[in-house]
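Please keep the model open as you read.

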Amino acid sequence: MKRSIRNAAVLGAGTMGSRIAAHLANAGVSCCLLDVVPNELSPREARKGLALESPQVRSRPARQGVEAGLKSRPGAFFVPDVARGIRVGNFEDHLHWVKDCDWVIEAVAENREIKRSLLSRVAPLRTPGTIISSNTSGLSLTSLAEGMDDDFRRHWLGTHFFNPPRFMRLLELIPTPDTLPDVVEALSDFGDRVLGKGVVVAKDTPNFIANRIGAFVTGNILRVMADEGYSIEEIDALTGPAMGLPKSATFRTLDLVGLDLAVQVGRNLYEAVPSDERREAFRFPSFVEDMLQRKLLGDKTGSGFYKKVKSAQGSEILTLDLESFEYRPRRKPKLPSLEMARNVENTPQRVSTLFHSRDRTGEFYRRMLGDVFHYAASRIPEISDDVVSLDRAMRWGYGWECGVFELFDAVGVEKVAGQWEKRSQPVPPLVERLLKSGKKAFYQRSGGQTSYFDLGGGQYQALEERPGLVFLSSLHAAGKGIQKNAGASLVDLGDGVLCLEFHSKMNTLGADTMEMIQAGMKRLSEDFDALVIGNEAANFSAGANLMLVLLAIQEEEWEEIDEMVRAFQGAAMSLKYAAKPVVSAPFGLTLGGGVEIALHSARVRAAAESYMGLVETGVGLIPGGGGAKEMLLRAIETLPATIDSDPLVNITKVFETIGMGKISTSAEDARRLGFLHDHDSISPNPDRLIADAKQEALALVRGGYQPPRPPEDIPVFGEPVFSALKLGLYLMRRAEFITEYDVVVGTKLAGVLSGGPLSGKQAVNEQYLLDLEREAFLSLCGEPRTEARIQHMLKTGKSLRN
């Protein structure tokens, strides 16, 4: 029988426990959060005359955990209302709540005795068959369950969430020899489908997979830096996006995490792995100890490897001098081969180029990555039986674009092994067996199928993807691509569903995209039953191609801009009124024109982490592709069906959403802002988004989809609404909340949302509103301040309001 997880308990309301509870609540799981009973009153409680016996005092730590999640930035909850799904309590009065839970998660301090003490109290209270787990980041799960009864141990395992749980994809499951396979299977499926996690099953070894490798990588980088004299700036330039790692690279990451915590992890690992041949990497260089003594711990103390200070320009980031321990201005690294390699967009190719360069950059990568390759290969099968799990752990847990063995393949396994042999460095058994079998890479890809080298079998094994996934890259490799240009492609998803895939830089929308939309509509009408609009890039779409708009403005090509806007509007309307269903699948940044594509789709299947916004006012424009029109229609649709209903409240909300360039903090928040309809749905796991959107489209087909009829009697309200919106602009300007030019842009937007220069309420059609949008967009393109804002956005990636 398939296990169902509807109710959960989280024991421990610290940072991790409270954020795990928050994410369970995000997923719609009924959750209780418990913590210790405080032994003294807070000043506020004392002023209220409360006693230690007061229920609100006894459950204060758990309540504070929820409140901290609401205050945190980025937020732990999709929307604040989700927090109501968490019931708070304490270990003394409410531990019996666990008997009604399907899953109990222990998340107290990382101390074996504290954990065992709490678990021994939970054991007799839990209902037999209840899954129970620990969020330990490295303690032995087998040791924690010693002495517990058989049913407890069969349903016991580690569930290692990464911080913050809402945003970090990785969930490591650590079964013990006693854990039932169906428990692991149930939590794997739940973590994947409901919590949106990338699930990796790890062995019960110190720090499991990701933190074992991650700690080695950090320690090794610091060791190479100390030995070879690389600067902080050089290391961060070499270990950030150039290598396919996050922008925070090495030292900004350490400042964020806290140097004391990183050192503690290293020390614990050093003690826990006495037989590890490279355990010295977990002992950080002497300059780290000096920083600890000086309390240079990072963000928590205000100073670390970097320090933010006030300057004449507002603020400045200084870098720590590791000899004097004084802060100095940042210095741009002089690494020519690194600068040249930035032009290589493909990460494996770029890392290979850097690894083999014959300069200081190459020397760093050959030593640092060579050590990482050797260490990771030596940990198979100690911490994982396969290279896939290790690679996924680093991608999902540490934000690497490519896993360790994927990078190993990219630079050349045979070449690296040859370098080890020249240095008389033993070749790990995994690498030795791979090369002796005649293979030269850990991964093999053919016809859309990926295989990996299995140490146990000594041959390639087909990589079995999780059921129900659709990857466009695999479909392309399998020859399912239909049509392609520089901006977009058409791909056959199977079962009569076509996919329109964006793939320009940042998935900006230009003439190529419009051309492919029209090509897709033609293929949809002739050969397919439904269309999905989605892709596998970092973000769905950054909106219209501003560079093309800027060039046209600078050349005063007003007719060309007019044609661009008309083409976009025409494409959007063709999506809306297609005879067959169109489903958009936005995720990540979905801005401007990307939102307009979604607004004109029959359905939207959004990733839970979708950040949607009509942000055109930030560059001195308003939406031109029908975005303002669609938001106005939604505002009118939700008006009460009474004669005296006031449209101003709904229209003002739309005016503020567009005028202030509001961006949703999640897909649920996008629904609150009006970018998603109530009938639109959400996918917790971005890996499942294309497949889920496909199923959404097929459901519409099976339901006998009929396109909407174009409305001919849209009510607009003219001067009364326009004046009210103008008054709002005046008050915001008077309070210096907006600039003079914001008033100009806002007035144009108000004109569209009020229906133009009408004396009162009238009925219009969609084309009338589209024309208002286009005319306002064109008039703003002629403003010099719009040109300046676009230039600033393209240069800095930030909006400029002046």
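## Salt bridges and a helix crossing

With a relative accessibility of 15%, D562 counts as buried (under 20% relative accessible area, with exposed over 50% and partly exposed in between, for a 1.4 Å probe and protein chains only). Its model is predicted, so local features need pLDDT of at least 70 and side-chain atom pairs pLDDT 80 or more, while totals for chains, interfaces and linings use all residues. Residues are numbered from 1 along each chain as its sequence is written, and side-chain values use heavy atoms, leaving out hydrogens and water.

The structure holds 58 salt bridges, each a side-chain nitrogen of Lys or Arg within 4 Å of a carboxyl oxygen of Asp or Glu. Three of them are listed here.

| Pair | N to O distance |
|---|---|
| E609 and R166 | 2.8 Å |
| D562 and R566 | 2.7 Å |
| R672 and D669 | 2.6 Å |

E609 sits in the loop between β21 and β22 and R166 in the loop between β6 and β7, so this pair ties together parts 443 residues apart in sequence. D562 and R566 both belong to helix α25, four residues apart; helices (H or I, at least four residues) and strands (E, at least two) are DSSP runs numbered from the N terminus. R566 is partly exposed at 42%.

Now to the helix pair. The axes of α10 and α18 come within 9 Å and cross at roughly 75°, with axes fitted to C-alpha atoms over the stretch in contact and angles running from 0 to 180 degrees between N-to-C directions. The two helices are therefore roughly perpendicular (65 to 115 degrees; under 35 is roughly parallel, over 145 roughly antiparallel, the rest oblique).
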